[in-house]
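I opened a new set of notebook entries today.

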Amino acid sequence: MRPVAADTQIRLSGDTTFTYTVGRVRVLENRLLSQRALHDAVAAADYAAAVDALREGGYESEPGGAGLRRMLGEHQSRLRSFLYESLPRGPLRDYLLSAVDYANLKAALIARLTEKEPTLHAGGLAPVEALNALAAGGDADELPEPLDAVARAALEVWEDEGDPYLLQQHVDRAAFSRRRELAAEIDLPFLDRYLELEIDLINLASLARCLNAAEPAELADTAFIDGGSLEYERLRRLARSGERDEALDYVRGTPYAEVAADAVSGGPVGLRRLRLGGSRRKLDFLRRARLASFGAEPVLAYYYFKRNELDLVRFILTCKLNEISPDEINANLGFSG
């Protein structure tokens with residue numbers, strides 16, 4: 001059993017830092033929301049009752065969208081503090097926080113093009129003020145590296161193509177390229193496998209969308225992300241050809257047949273099944289990883305579990321604010337009613 005890279009600050013069992021950190025993770029895990037609390041929030045009569053159902057996880061919010069954003073921001077800041085205390089420096093911390101940065105960058109660029117206020121999330125490395133300035137038409141040079149270069153290139157894509165889809169794809173590919181660079185530096189098998197899983201699920205959804213498109217070839221060259229376990233060039237070729245039966249044969253021969261076959265075959269709710277099945281696969285992977293006896297896996301698993309919880313809380317409470325029915329929320333989350 002090898003230790004993780006030294007600058008992760010988490011070493012082998014017996015090290016006091018490791019023992020303290022894992023003990024803290026176990027305490028925090030007990031504060032994660034239960035499935036029953038999430039179901040109760042979905043079934044609640046209104047927003048206030050839904051927030052009350054989530055109180056076991058420390059969620060308390062004033063009414064309205066501003067209250068929801070403030071509450072989620074506080075939880076994200078606490079999660080960021082946990083990460084900084086567990087991983088004071090190094091590529092592993094940057095790897096985790098880069099996901100927030102690139103999601104914020106995409107939101108800021110879209111807001112700039114649509115002249116709307118961006119929805120940015122706290123908890124990344126890039127200052128939210130610089131991203132807000134970019135959204136308002138400011139200079140990309142105010143962003144830290146390498147986000148500044150990604151933003152400039154994305155704006156060039158927009159000027160050349162005028163297509164928001166291509167702009168977002170550019171940022172997504174840059175985000176995963178950055179994560180692959182950092183993962184290579186960290187050299188942690190858990191991280192490599194989780195990154196592969198994320199890329200595979202995105203690529204399968206892209207394949208399904210290309211096959212559903214009127215002109216599959218137009219999307220194929222920019223739809224896929226390199227670095228997963230699936231064959232990158234084969235995915236592009238299948239998407240270009242639009243041959244659904246051939247694509248289905250390929251997917252059925254992969255470990256993703258159960259979750260992706262319906263989406264690739266063009267089933268009416270196939271993409272939803274792929275999204276929900278993919279989420280379950282990632283959570284199952286994290287549940288196994290949290291029990292690792294050595295290394296950074298418990299910290300990483302908790303971080304991802306909490307991020308997933310915050311996404312669920314945001315979705316459920318936003319639906320409550322917009323008076324979406326419990327049945328519709330359950331269908332989107334894959335919950336039984």
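The entries below follow the order in which I looked things up.

**Entry 1. Ground rules**

I worked from a predicted model, in which local features need pLDDT of at least 70 and side-chain atom pairs count only at pLDDT 80 or more, while totals for chains, interfaces and linings use all residues. Residues are numbered from 1 along each chain as its sequence is written, and side-chain values use heavy atoms, with hydrogens and water left out.

**Entry 2. The second largest pocket**

Rolling a probe the size of a water molecule over the atoms shows where empty space is left. I took a pocket to be an open set of points on a 1 Å grid over the protein atoms alone, where a 1.4 Å probe fits, with protein on both sides within 12 Å along at least five of seven lines; lining residues have an atom within 4 Å of a point. Points are joined across faces, edges and corners, and the volume is the space filled by probe spheres set on them.

The second largest pocket came out at about 390 Å³. Of its 15 lining residues, Gly65, Arg69, Thr119, Leu120 and His121 are the closest to the centre.

Helix H4 (65-86) and helix H15 (297-321) each supply at least two residues; helices here are DSSP runs (H or I, at least four residues), numbered from the N terminus. By type, the lining divides into six nonpolar, six polar and three charged residues. In this count Ala, Val, Leu, Ile, Met, Phe, Trp, Tyr, Cys and Pro are nonpolar, Asp, Glu, Lys and Arg are charged, and the others, Gly among them, are polar.

**Entry 3. The two helices**

I compared each helix with its expected span (1.5 Å times one less than its number of residues). The 22 residues of H4 should span 32 Å, and its end C-alpha atoms are 32 Å apart, which agrees. H15, with 25 residues, reaches 36 Å from its first C-alpha to its last, close to the 36 Å expected.

For burial I used relative accessible area: under 20% is buried, over 50% is exposed, and in between is partly exposed (1.4 Å probe, protein chains only). In H15, 19 of the 25 residues are buried, so this helix is largely enclosed by the rest of the structure. The buried residues of H4 include Gly67, Leu68, Met71, His75, Leu79 and Phe82.

**Entry 4. Aromatic rings**

I searched the whole structure and recorded six aromatic pairs. Rings of Phe, Tyr and Trp (its six-membered ring) pair if their centres lie within 6.5 Å; planes under 30 degrees apart count as stacked, over 60 as edge-to-face and the rest as tilted.

Phenylalanine 82 and tyrosine 302 form an edge-to-face pair, 5.1 Å centre to centre with 80° between the planes. Because phenylalanine 82 lies in helix H4 and tyrosine 302 in helix H15, the pair ties together parts that are 220 residues apart in sequence. Phenylalanine 82 is buried at 3% relative accessibility, and tyrosine 302 is buried at 5%.

The rings of tyrosine 303 and tyrosine 304 have centres 6.0 Å apart and planes at 70°, so this pair is also edge-to-face. Tyrosine 303 and tyrosine 304 are both buried. One aromatic cluster is formed by Phe190, Tyr194, Phe285, Tyr303 and Tyr304.

**Entry 5. Charges over rings**

I counted a charge as over a ring if NZ of Lys or CZ of Arg is within 6 Å of the ring centre and within 35 degrees of the ring normal. Arginine 93 lies over the face of tyrosine 84, at 4.4 Å from the ring centre. The charged end of arginine 179 sits over the ring of phenylalanine 176, 4.4 Å from its centre.

**Entry 6. Backbone details**

Which peptide bond is cis, with omega near -5°? I noted the bond from glutamate 145 to proline 146. Proline 146 lies in the loop between helix H6 (128-135) and helix H7 (147-161).

Glutamate 115 has a positive phi of about 60° although it is not a glycine. This residue is in the loop between H5 and H6 and is exposed, at 76% relative accessible area.

Glutamate 323 is placed in the loop between H15 and helix H16 (326-333) and is exposed, at 73%.
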